[in-house]
Amino acid sequence: MPELPEVETVMRGLAAVLQGRTLVRAATNRAGMRWHFPEGLAQRLTGARVEGFRRRGKYMLMRLSGGDSALIHLGMSGRMVARPARANAPPPAHEHLLLETDDGQVVGFVDPRRFGSVDLVPTAAEDAHRLLAGMGPEPLEAGFTAAILSAALAGRRTPIKAALLDQRVVAGLGNIYVAEALFRAGLSPRRLAHTVAGARAARLVPAIRAVLEEAIAAGGSSLRDYVQADGELGHFQDRFQVYDRAGAPCPLCPGPPGCGGVSRIVQSGRSTFFCARTQR
């Protein structure tokens, strides 16, 4: 599933096409995706001007002139695909929502598995939406500090990896970037979350920021279905240090005695990649 860098990358691509434009046509090609579309979604989008975008965790919010925001979640296989409008052109396969702008561009929400979703929420009440309420701090914002993270982890006796995947602790992280951030911070994914405080949290917070910023700059990680809004592939997967590299040498200790390279274990049904020698 796309994580924060992929969602941020897609949102920036959408902003380049849609921000400041008026939606002259909106159309739905089915009743919904993961959930039913809101009543009259196409009619409520048609004629609205796109004022701006905001990302919250793994969700995109397209803010509209009428006071609503379209809440968009890509799900496991969702893509937002931009293309020039063409009269009478059939929609691409699995395109469930179409937006056409006043300058002749079309953006389609394509999702073969239909785990994505679209909802409408008053812009003034975005954070009260059931999918966003209770979400933790944004890891790229100033409010995400070692002290805040330490407080969120206090008393948690789950592994730190599981805690970081909890969107109530920090918003937007997923399996890939948690693995990479823990490696950079030198913290074992098996370490109990409540022990990651003080100096350890002070290492982890900048590691999370750094890996997310680098991934955004690389256009995200293109695994399976994910592509950017312009159809380009991200390439951060070429920079993975531990994720999906089981058996490869650890980048920090390639080859010395006692280093078995990158290990893979399963935590809560998810693959975890780490170096048992450097991550404690």
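How many residues lie between β2 and β3 in their hairpin, and which residue in the turn has a positive phi? The first legend answers this, and a few notes apply to every view. This is a predicted model, in which local features need pLDDT of at least 70 and side-chain atom pairs count only at pLDDT 80 or more, while totals for chains, interfaces and linings use all residues. Residues are numbered from 1 along each chain as its sequence is written, and side-chain values use heavy atoms, with hydrogens and water left out.

**View 1. The hairpin of β2 and β3.** There are 2 residues between the strands, and Gly 57 in the turn has a positive phi of about 60 degrees. Strands here are DSSP runs of E with at least two residues, helices are runs of H or I with at least four, and both are numbered from the N terminus. Strand β2 (residues 50–56) and strand β3 (residues 59–64) run antiparallel, joined by 6 bridges; strands pair if DSSP finds at least two bridges between them. Look for Arg 56, which stands opposite Tyr 59 in β3. Because 5 of its 7 residues are buried, β2 is largely enclosed by the rest of the structure. Buried means under 20% relative accessible area, exposed over 50%, and partly exposed in between (1.4 Å probe, protein chains only).

**View 2. Helix α1, residues 4–18.** The 15 residues of this helix should span 21 Å at 1.5 Å a residue, and the end C-alpha atoms are 20 Å apart, which agrees. The expected span is 1.5 Å times one less than the number of residues. With 11 of 15 residues buried, α1 is largely enclosed by the rest of the structure; among the buried ones are Leu 4, Val 7, Met 11, Leu 14 and Leu 18. Gly 20 follows α1 and has a positive phi, near 85 degrees.

**View 3. A cluster of Phe 240, Tyr 243 and Phe 273, linked by ring pairs.** The whole structure holds 2 aromatic pairs. Rings of Phe, Tyr and Trp (its six-membered ring) pair if their centres lie within 6.5 Å; planes under 30 degrees apart count as stacked, over 60 as edge-to-face and the rest as tilted. Phe 240 is buried, Tyr 243 counts as buried at 16% relative accessibility, and Phe 273 does so at 6%.
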